[in-house]
Amino acid sequence: MWRNVLALRQISQRTISTATRRQLENRVSENQKLFQEDNGLPVHLKGGAKDALLYRTTTGLAVCGTIYALYYLLMSSMPKKPN
């Protein structure tokens, strides 16, 4: 049994250590050009449609949370009527 465990350990170590890494393209200069160009957009919206959607979703959730908190603050400040 120990022989199988040691063989599995050796195979897993060999697979992890000798795996080739994916070479990713360095796109830092492209992103710098995109975010530094003067096109009148705020920096949090320069990323395109994905950034605009994320911004609107975050804003909507913040507004809904504020309304929800104010509603429950109002409800908790009013006394309940006895039956």
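This is a predicted model: local features need pLDDT of at least 70, side-chain atom pairs count only at pLDDT 80 or more; totals for chains, interfaces and linings use all residues.
Modeller: Residues are numbered from 1 along each chain as its sequence is written, and side-chain values use heavy atoms, with hydrogens and water left out.

Biologist: Where is confidence lowest and where is it highest in the protein chain?

Modeller: pLDDT is the predictor's confidence in each residue, from 0 to 100. Its mean is lowest in helix H1 (residues 2-17), at 70, and highest in helix H3 (residues 49-77), at 96. The chain averages 85, and 89% of the residues score at least 70.

Biologist: What makes up the secondary structure of the protein chain?

Modeller: Three helices and zero strands, running α-α-α from the N terminus on. Helices (H or I, at least four residues) and strands (E, at least two) are DSSP runs, numbered from the N terminus.

Biologist: Why is the pair of Tyr71 and Tyr72 called edge-to-face?

Modeller: Rings of Phe, Tyr and Trp (its six-membered ring) pair if their centres lie within 6.5 Å; planes under 30 degrees apart count as stacked, over 60 as edge-to-face and the rest as tilted. By this rule the count is two aromatic pairs. Tyr71 and Tyr72 sit 5.2 Å centre to centre with 85° between the planes, so the edge-to-face label applies. Ring pairs also link Tyr68, Tyr71 and Tyr72 into a cluster.

Biologist: Why is Tyr71 called partly exposed?

Modeller: Buried means under 20% relative accessible area, exposed over 50%, and partly exposed in between (1.4 Å probe, protein chains only). Tyr71 has 43% relative accessibility, so Tyr71 counts as partly exposed. Tyr72, at 46%, is likewise partly exposed.

Biologist: And how do you know that Met78 is partly exposed?

Modeller: Met78 lies in the segment after H3. Its relative accessible area is 46%, which puts Met78 in the partly exposed class.
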